[in-house]
Amino acid sequence: MIFRNLDAGGDWTFGKGRSNYLREERAIEMNIRTRILSWKGNCFFDVDAGVDWRRRLDFGQLKNLPVEISILILQSFGVVDPGDVTATFDPETRRMAMTYAGVETIFGAKLSNTLALEAGS
């Protein structure tokens, strides 16, 4: 599997030939990150892709977010086990931290990452 690398702002990188692409577990990790940060209905050719963030960040729905993220991770190419997913949301600061740990890949790697998200004002 190969995956185009992204810069810090989430945009594709260009101009460095093959070094703009990630392979093996790094490609799987970037694919997972991209899929988690995608909003359901935002991709015109696959409207079911991504997370239904509007519904999951609604009152009383946060408990369902780790389940949806786990399913999304498991459906990602190269993932054997989705590991553990946790999410915390602070309504005062409108910040969320989503962590996945122990994601097992076909390459035997155990991936972990924390994504910090902030709702727009």
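I began with helices, which are DSSP runs of H or I with at least four residues, numbered from the N terminus, while strands are E runs of at least two. The expected span of a helix is 1.5 Å times one less than its number of residues.

I noted that this is a predicted model, in which local features need pLDDT of at least 70 and side-chain atom pairs count only at pLDDT 80 or more, although totals for chains, interfaces and linings use all residues. Residues are numbered from 1 along each chain as its sequence is written, and side-chain values use heavy atoms, with hydrogens and water left out.

**Helix H1**

I looked up helix H1 (residues 24–37), whose 14 residues reach 20 Å from the first C-alpha to the last, close to the 20 Å expected. I found Asn 31 in this helix, and I recorded it as buried because its relative accessible area is 12%, where buried means under 20%, exposed over 50% and partly exposed in between, with a 1.4 Å probe and protein chains only. Leaving aside neighbours within four places in sequence, Asn 31 is in contact (heavy atoms within 4.5 Å) with Met 1, Phe 3, Ser 76 and Phe 77.

**Thr 114**

I then turned to Thr 114, which is found in strand E6 and counts as partly exposed because its relative accessibility is 47%. Apart from neighbours within four places in sequence, Thr 114 is in contact with Met 98 and Thr 99. I also noted that the C-alpha atoms of Thr 114 and Val 85, 29 residues apart along the chain, are separated by 9.7 Å.
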